[in-house]
Amino acid sequence: MQNQKDRFHVLGINGSPRHKGNSQYLMSCFMEEMKGRGYNTQILDAPKLKINSCIGCGNCETKGICIFKDDFTNVFLPAVIKADIIVLSSPIYFYAFPAALKALIDRIQVLWSRKYRLKLDEFKGRKRQGVLLAVGATKGNDLFDGLKLTARDFFDAADIQYQTSLCYRGVDEKGEMEKHPTIHEDIKNLVNNLVN
């Protein structure tokens with residue numbers, strides 16, 4: 001009999017354009033923890049995907065499909081539909097997601113349209129969960145508010161329950177997260193809460 005974990009797919013969406021940056025390290029720690037527990041994992045790097053920006057044409061609201069045939073349609077959307085757990089990992093760019101990740105989030109309008117305009121229930125019977133991982137250079141109390149609001153709406157459009165976030169302030173220089181004293185314990189606790 002197939003292990004239940006083998007049927008679960010964990011999708012990581014990395015938003016950072018900086019190679020081996022802090023949020024990418026955060027993602028790798030999360031995915032290693034999931035892999036160590038026997039879950040299938042996949043990571044997509046938003047900056048590497050070739051995508052068009054949403055032009056607000058309304059085609060998805062009437063037909064349920066996007067007019068563009070690009071990496072969003074052919075790679076990103078099928079991965080989002082397949083996933084049982086989705087984790088977004090990102091640095092802060094002007095209190096928001098970097099451009100490549102935001103462009104993907106904007107294009108998720110196609111799933112919002114299927115759910116709310118066309119009343120399709122394509123995820124019926126599935127419990128899908130979402131997590132936000134983020135790092136930011138400054139230490140303001142509202143540093144992550146924009147990301148959390150956007151992530152919440154992204155997850156809702158894709159019929160995903162936004163479970164939690166793990167955010168670190170005052171992290172800027174490359175490699176800082178690797179030296180963070182509690183990161184591995186933080187990730188382990190997050191995953192425990194998520195899968196239990």
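## Basis of the model

Residues are numbered from 1 along each chain as its sequence is written, and side-chain values use heavy atoms, with hydrogens and water left out. Because the model is predicted, local features need pLDDT of at least 70 and side-chain atom pairs count only at pLDDT 80 or more, whereas totals for chains, interfaces and linings use all residues.

## Ser 16 in its loop

Ser 16 lies in the loop between strand S1 (9-14) and helix H2 (22-36), where helices (H or I, at least four residues) and strands (E, at least two) are DSSP runs numbered from the N terminus. Ser 16 is buried, with a relative accessible area of 8%; buried means under 20% relative accessible area, with a 1.4 Å probe and protein chains only. Leaving out residues up to four places away in sequence, Ser 16 touches Ser 23, Pro 47, Ser 89 and Pro 91, contact being heavy atoms within 4.5 Å.

## The nonpolar cores

A nonpolar core is a set of buried Ala, Val, Leu, Ile, Met, Phe, Trp, Tyr and Cys residues joined through side-chain atoms within 4.5 Å. The largest has 34 residues, of which Phe 76, Ile 86, Leu 88, Ile 108 and Phe 154 touch the most other members. A second, separate core of 23 residues includes Leu 190 and Leu 194.

## Helix H7

In H7, the residues Leu 147, Ala 151, Phe 154, Phe 155 and Ala 157 are buried. Seen down the axis of H7, its buried residues fall within an arc of 155 degrees (taken from the directions from the helix axis to the C-beta atoms), so they line one face of the helix.

Conventions
Buried means under 20% relative accessible area, exposed over 50%, partly exposed in between (1.4 Å probe, protein chains only).
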